[in-house]
Protein chains: 4
Amino acid sequence: MNLWGGRFDKEPNAAIAAFTHSLPFDQRMAQQDVRGSIAHCRMLGHTGIISAEEAAQIEAGLREIAAELPDAGVLTGAEDIHSWVESRLREKVGPVSGKLHTARSRNDQVATDARLYLRDAADGLAGQLRDLQRALLDHAAEHGETVLPGLTHMQHAQPVVLAHHLLAYFWMLQRDRGRLADWRRRANVLPLGAGALAGSPYPVDRAFVARELGFDGVGENSLDNVSDRDFAVELGAVLAIVALHLSRLAEEVVLWNTREFGYMELDDSVATGSSIMPQKKNPDLAELVRGKSGRVFGNLQSLLTTMKGLPLAYNSDMQEDKERIFDSVDTVAGCLGSMTILFRSCRFRADRMLAGTHGDFSTATDLADFLAQRGIPFREAHEVVGRVVKWCETNDRVLESLSGADLQEFHPDFAHAPADITSVRASVRARKSPGGTAPDEVRRQLAVAEVAWEL
Amino acid sequence: MNLWGGRFDKEPNAAIAAFTHSLPFDQRMAQQDVRGSIAHCRMLGHTGIISAEEAAQIEAGLREIAAELPDAGVLTGAEDIHSWVESRLREKVGPVSGKLHTARSRNDQVATDARLYLRDAADGLAGQLRDLQRALLDHAAEHGETVLPGLTHMQHAQPVVLAHHLLAYFWMLQRDRGRLADWRRRANVLPLGAGALAGSPYPVDRAFVARELGFDGVGENSLDNVSDRDFAVELGAVLAIVALHLSRLAEEVVLWNTREFGYMELDDSVATGSSIMPQKKNPDLAELVRGKSGRVFGNLQSLLTTMKGLPLAYNSDMQEDKERIFDSVDTVAGCLGSMTILFRSCRFRADRMLAGTHGDFSTATDLADFLAQRGIPFREAHEVVGRVVKWCETNDRVLESLSGADLQEFHPDFAHAPADITSVRASVRARKSPGGTAPDEVRRQLAVAEVAWEL
Amino acid sequence: MNLWGGRFDKEPNAAIAAFTHSLPFDQRMAQQDVRGSIAHCRMLGHTGIISAEEAAQIEAGLREIAAELPDAGVLTGAEDIHSWVESRLREKVGPVSGKLHTARSRNDQVATDARLYLRDAADGLAGQLRDLQRALLDHAAEHGETVLPGLTHMQHAQPVVLAHHLLAYFWMLQRDRGRLADWRRRANVLPLGAGALAGSPYPVDRAFVARELGFDGVGENSLDNVSDRDFAVELGAVLAIVALHLSRLAEEVVLWNTREFGYMELDDSVATGSSIMPQKKNPDLAELVRGKSGRVFGNLQSLLTTMKGLPLAYNSDMQEDKERIFDSVDTVAGCLGSMTILFRSCRFRADRMLAGTHGDFSTATDLADFLAQRGIPFREAHEVVGRVVKWCETNDRVLESLSGADLQEFHPDFAHAPADITSVRASVRARKSPGGTAPDEVRRQLAVAEVAWEL
Amino acid sequence: MNLWGGRFDKEPNAAIAAFTHSLPFDQRMAQQDVRGSIAHCRMLGHTGIISAEEAAQIEAGLREIAAELPDAGVLTGAEDIHSWVESRLREKVGPVSGKLHTARSRNDQVATDARLYLRDAADGLAGQLRDLQRALLDHAAEHGETVLPGLTHMQHAQPVVLAHHLLAYFWMLQRDRGRLADWRRRANVLPLGAGALAGSPYPVDRAFVARELGFDGVGENSLDNVSDRDFAVELGAVLAIVALHLSRLAEEVVLWNTREFGYMELDDSVATGSSIMPQKKNPDLAELVRGKSGRVFGNLQSLLTTMKGLPLAYNSDMQEDKERIFDSVDTVAGCLGSMTILFRSCRFRADRMLAGTHGDFSTATDLADFLAQRGIPFREAHEVVGRVVKWCETNDRVLESLSGADLQEFHPDFAHAPADITSVRASVRARKSPGGTAPDEVRRQLAVAEVAWEL
């Protein structure tokens with residue numbers, strides 16, 4: 001029943017009840033609802049709002065419910081998880097269960113449950129981020145000297161080493177972990193005790209409840225506590241950025257698995273075939289991860305839009321926060337888990353990567369830098385090398401094939417160039433600035449990343 | 001199994017399979033999948049690609065499956081609904097079932113199923129739009145003379161009649177019906193026969209299949225047929241605009257149910273109480289409808305984002321279209337149904353509406369118009385009346401209380417003003433321009449709306 | 001000044017005025033504002049609401065303003081374009097200008113201006129869509145026999161002809177034209193005459209004004225007329241889908257311009273170099289088109305969100321419609337224009353495309369279809385060919401190199417296979433189902449497309 | 001010119017150049033570009049990559065440019081701000097200017113400029129958040145005893161004090177400041193020195209540059225440094241949540257300015273009139289702030305979508321980050337500034353607020369709490385009071401009018417109720433739990449808020 005007491009003449013319309021009830025999606029917070037109720041119950045006892053005996057009875061009933069939940073299957077028969085637990089409790093301990101509702105409202109209760117649930121979920125996601133980072137770090141450790149074409153605009157730009165490339169994603173995920181940690185700190189504040197909106201006339205001890213539930217503090221303002229959904233929206237934004245990073249990594253997987261690139265080999269166990277084309281080995285998983293970014297972005301938009309323009313305090317619109325943020329949590333968890341499996345089992349093709357650099361002019365900058373280091377303004381050096389490239393293209397030559405004499409035709413200073421000036425190995429070795437792609441420098445970066453990963 | 005044949009060394013990883021499988025959400029297209037398969041099967045028989053006997057056997061099996069589906073509960077044991085039906089068919093008719101896959105691919109099959117499903121769903125939504133329009137029209141018929149304050153900027157602007165106000169929503173929904181009809185025409189094109197991407201080497205008769213399935217035509221380009229998701233995105237946009245309109249209507253319900261406005265009374269059966277505050281009667285349903293607009297907007301964003309930048313032809317990202325567009329369909333269906341119930345059972349408070357106009361200066365424009373009609377430039381007339389209003393405010397008077405003599409203090413021409421110049425009834429009666437709020441004109445508009453509704 | 005008359009004690013705060021004024025962005029509707037005013041003025045004269053002489057004076061002034069606008073540069077000194085035109089008109093014709101404001105409000109005026117402006121803009125976009133289609137059709141006409149690897153999941157799937165691939169985009173754009181046309185029909189309805197919200201007490205002739213301005217009809221409900229922004233939201237959605245299609249086409253340009261694919265050559269005039277890497281030739285333009293989809297999607301969300309939950313009638317939030325829809329119009333216009341230039345000047349590399357099919361197993365389906373056509377259930381045929389592919393991969397062979405004898409090792413029926421069964425040319429020739437990639441069929445499709453283009 | 005050197009045969013197409021050039025919008029980063037260049041120049045001198053004299057010459061030229069910029073007006077004649085500064089520098093110091101480009105690329109330069117610009121902008125926004133908080137705190141200090149109806153579901157729920165209500169918004173803005181601070185810490189990392197993507201072969205001192213520019217550290221990975229746009233996306237998300245909070249506050253302003261609520265009076269200087277209705281005083285500014293949330297939400301979606309699926313490293317799509325994040329910065333700055341002016345000049349109507357509580361049943365919970373505190377389970381107490389409310393409604397009575405004897409009809413324990421049990425003042429006084437609305441407690445909260453504000 002969606003209302004208490006004698007004020008209403010009619011039972012709720014069944015279709016409307018089906019539309020407004022939240023049990024189908026808020027039952028995943030059942031354990032959190034019980035945990036929150038136990039803390040509230042202890043506080044009621046501890047402060048003498050109810051008797052110690054009543055508190056003990058209620059807590060015992062709640063503990064039984066918690067123990068039964070894992071086998072309870074799909075819950076039905078109530079409008080929301082709070083009513084479900086409440087009615088189950090009444091079955092167990094009788095009328096005393098009604099005292100649990102003292103000094104508490106649905107509005108502060110649901111906000112508490114949701115924060116507890118999302119805190120747990122975010123801790124899980126943080127662990128999954130670390131797992132994926134681990135898979136990347138392991139490959140990076142192995143591929144500190146594997147050279148591949150570095151791309152900008154998807155054009156061959158300068159050669160880089162594979163470890164360097166993989167570490168770029170490590171750092172994206174590291175920032176994601178930072179955002180999650182910031183979110184946790186900000187969201188980990190207790191709403192319970194705010195009542196329906198105005199606080200409670202009972203001598204509640206909110207700090208006690210906060211400690212019981214592992215919250216870092218107590219909400220400063222009851223109106224805000226019941227009507228704030230920043231914790232959902234901000235988490236939705238944090239997860240959108242995770243999904244963004246994963247969509248980029250997934251794009252690389254798709255690209256590197258093409259016949260044209262061929263830099264990567266997926267394990268058969270993570271690829272899919274085709275019902276019609278017997279030769280196909282599709283990177284479905286990566287495509288889905290790429291596509292699911294849309295879902296997580298959309299959920300963020302939903303959360304923002306739903307909250308737009310709502311005056312204080314609680315409004316039912318806020319009930320809409322749950323399905324969207326749960327979906328973002330589930331989606332990102334699925335994407336992280338799948339990508340970790342994929343990366344743990346994939347193989348990189350160093351041979352194809354190196355082959356990809358042949359004849360790709362990706363050391364042209366090295367030629368220009370050589371001239372610049374001899375005092376020629378960079379712009380001028382750039383023009384000289386531009387002519388070299390054009391000449392090669394016209395004459396169907398690759399840069400690696402040019403002799404010192406060939407180069408001197410374009411600029412006399414090339415007489416002093418080292419023999420391997422157009423070699424990709426020399427090119428990567430040279431880029432030893434902090435953050436650069438030189439193998440020694442990347443080794444250093446890897447050590448820094450390992451330290452960061454441990455945090 | 002997500003692949004056929006002897007090309008792969010390993011079974012799919014179970015976690016990855018769980019991530020990539022679509023059966024949990026595409027099983028709602030089961031009937032459409034069977035229907036599409038029957039049409040394809042008949043075509044294969046009709047063209048002699050398979051024998052008449054084979055076709056008959058397969059069709060019989062499919063018909064059995066269709067008959068069993070209503071009681072089948074939650075389907076499991078396959079990666080998607082197509083595989084599920086296929087494997088069920090094999091159980092029923094044996095190896096001949098394999099021939100159904102001739103000249104068909106998952107790519108054109110899923111596009112066909114989705115279009116069939118959404119076409120059915122959209123037809124349902126069109127009917128629901130009409131139902132809500134009906135509820136509005138019925139109230140409008142009753143309230144052709146009920147005057148309430150018309151608002152702009154949520155400030156009292158000019159009086160209007162309630163029928164006029166409700167008809168504004170009628171026309172929003174009428175445009176929605178138009179958009180749905182346009183969508184249907186554009187989306188109702190058969191993808192089947194496009195094969196995996198390049199068409200079929202079999203002598204298929206696509207027009208035959210289109211006729212069987214009620215499609216208006218056959219897709220012109222097989223690459224487009226398997227990779228186009230305009231039908232989902234455009235429907236997502238159409239539904240977003242429906243949700244937008246409903247959010248506005250819901251805002252009115254919330255506002256009109258406030259103690260401050262009090263223009264509306266919800267039936268007890270559609271309102272909810274509070275677990276803590278015994279006096280509450282909350283318009284939950286309308287709040288949810290308002291909030292769910294966020295969901296539908298976000299789904300549209302998800303669909304757009306997922307499709308962004310995908311090269312031809314099919315990519316697995318496209319699998320993500322279904323859950324989002326299904327959610328928009330379900331959400332809008334729920335909102336329309338609930339709002340119809342709400343409007344069928346609500347009561348408008350004509351007394352509160354009329355009372356709302358007392359002393360609200362909403363006939364000030366009529367004073368200005370009166371002067372303008374006597375040849376005074378409107379800007380000047382506006383200034384005169386501005387001074388009248390200010391004088392009233394300063395002296396705590398209402399416009400209705402001013403005598404002709406009072407008005408003449410501000411402009412001599414008021415000497416010729418009719419006695420009821422400040423009356424809201426006179427004001428609405430005067431606005432008889434086409435589309436205006438004069439009761440006679442609104443009666444005409446209602447007749448036009450009734451004709452439009454029948455379409 | 002943002003208000004008229006004697007009601008306010010203070011001048012507007014300058015910072016607030018800067019925040020609320022719309023002239024910086026609504027001045028682009030100046031011609032439409034004047035055009036709408038001329039029509040309104042004629043109607044006032046025609047109906048005798050003002051004298052013929054007054055109407056003539058006002059119209060003459062407005063015509064002067066229209067003539068001056070092209071050289072007027074950036075307009076300043078008013079809160080919005082309506083006030084600017086009004087004050088300019090007063091300078092030209094004196095106090096009679098005040099009569100133009102009779103029977104008209106900002107609310108219906110701005111809605112009229114916006115519809116006129118967007119109608120003009122949409123007509124321009126429809127023309128640009130045709131231009132891009134033309135460029136695609138011209139390439140298609142030339143490349144009816146150019147074979148390239150058709151991809152699904154970005155894996156080589158089946159060979160297709162380039163004309164077929166380009167026509168897929170033609171049809172996307174054709175649907176876009178259809179959506180624009182539907183929008184035009186629905187949006188081309190006159191709001192003017194709705195007054196502030198409630199209609200007009202003057203004997204206005206709205207049909208006259210509609211005819212003058214090329215509208216197909218008159219708005220049915222004044223409350224709706226001033227508060228409806230469907231015309232902006234729906235156009236925003238139509239343009240989002242155009243941007244989606246362009247992002248896909250742009251992705252192909254970027255991909256086909258990679259060293260790895262190399263299917264396309266951009267003209268130097270549309271590519272960009274690098275300030276640091278002399279060898280670079282970047283497809284900037286296509287990347288920007290791809291990226292700008294985000295902008296157009298975001299604008300749509302902005303429009304939807306801004307309108308969410310607004311009660312009737314006009315609210316200032318609606319002022320926010322303009323910048324976002326203008327930005328979508330500008331962005332899509334820029335993208336269409338640029339892509340047309342790109343496609344007009346680019347060159348396709350048929351040699352690279354054909355080379356891309358060598359050894360790619362993309363005719364594996366043809367082998368399976370061959371067996372299936374001999375009565376072997378397709379699933380079984382698929383498995384046989386899966387083993388063929390696997391054997392080739394293990395033994396480093398390409399499908400084209402297998403002899404009839406080799407194939408018979410896998411299935412005896414291959415004894416009857418034609419010699420060219422693994423040839424890509426034979427493969428495309430075979431797919432002659434309607435919409436398929438067979439050159440003859442594509443030629444037919446091209447003729448259909450030419451007819452559709454003319455519409 | 002959009003390229004350097006001799007590689008290209010043709011000049012850029014003018015239309016394409018107009019489409020791809022960023023000067024129109026990136027010129028607002030001119031000072032940051034120069035500042036970054038000065039730091040880079042000093043580093044080049046400090047490390048001996050260029051001579052001290054060269055460095056001095058270049059820096060002097062750059063300083064001149066910085067000094068000229070404030071009067072430079074709209075910049076033209078280059079593709080982007082970097083080229084503009086570069087070419088201006090060449091005019092000033094001649095060919096030596098070319099050396100500034102040593103060890104630097106557009107890719108790391110633009111990322112540096114953008115971070116500098118946004119850091120400055122975010123610092124400004126943080127200050128504006130404080131200003132608005134100040135305005136709220138000042139009103140709160142004044143209205144610690146002003147009682148108004150506290151709403152949930154927009155229904156009168158329980159009375160609250162105005163200070164409490166305003167402080168709810170204070171805390172929202174405080175969280176916004178926290179998010180901005182977290183963003184700053186995370187974004188304040190130097191990209192310069194990453195080169196085009198792979199790092200630099202020059203002995204650059206990135207830490208030196210970081211110190212010069214006030215960055216907290218140096219980017220760990222050059223590929224990430226040039227292709228990361230988290231700093232824009234995360235800021236976009238932070239600002240979206242600010243806009244969300246402002247939309248809620250704006251909704252209250254609109255609502256409280258209605259004739260029906262009448263809780264607030266805007267100063268004439270921040271309100272607007274109507275061109276047609278002389279009585280209007282519209283809260284335009286608040287409506288715009290509410291509506292502009294759509295813009296800021298949409299910008300976030302644009303940023304996310306644009307970055308979706310981009311492989312490493314720099315792609316031109318990323319150029320699209322600037323206009324959207326700049327628009328969010330400008331929009332939120334405008335909204336914060338305007339709302340601060342509004343709140344500084346507005347007046348609250350304590351009389352109307354108190355009048356709003358008359359007869360609103362908002363102390364019904366107090367009756368139930370009274371019974372509960374006497375040992376009656378809350379659920380039962382709730383039912384009793386529900387019957388009280390219903391009786392009042394049926395008999396047209398208000399709760400305040402019930403005598404003790406009246407109440408005892410419903411439950412005997414009411415015999416012990418205090419005389420003022422239905423008074424709103426007693427109700428607020430009772431809610432003294434931490435965060436509650438009791439005036440003493442709110443006074444304490446205000447003190448806490450003042451401390452937080454100082455941070």
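How many residues does the contact take from chain C and from chain B? It takes 109 residues from chain C and 108 residues from chain B, with contact meaning heavy atoms within 4.5 Å.

## Ground rules

This is a predicted model, where local features need pLDDT of at least 70 and side-chain atom pairs count only at pLDDT 80 or more, while totals for chains, interfaces and linings use all residues. Residues are numbered from 1 along each chain as its sequence is written, chains are lettered from A and ligands numbered from 1 in the order in which they are written, and side-chain values use heavy atoms, leaving out hydrogens and water.

## The C–B interface

Chain C and chain B bury about 9,200 Å² between them, 57% of it from carbon and sulfur atoms. Buried area here is the accessible area (1.4 Å probe) that two parts lose on being put together, summed over both. C:Arg248, C:Leu312 and C:Arg379 supply 8% of what chain C buries against chain B, more than any other three residues.

C:Arg379 also forms a salt bridge with B:Glu86, with the closest N and O atoms 3.2 Å apart.

## How A and B relate

Rotate chain A by 180 degrees, with 0.0 Å of shift along the axis, and it superposes on chain B (RMSD 0.0 Å); that is the relation of a two-fold axis. In chain A, A:Gly298 comes closest to the rotation axis, its C-alpha lying at 2.0 Å.

Definitions and conventions: A salt bridge is a side-chain nitrogen of Lys or Arg within 4 Å of a carboxyl oxygen of Asp or Glu. Copies are superposed by least squares on the C-alpha atoms of residues with pLDDT of at least 70 in both.
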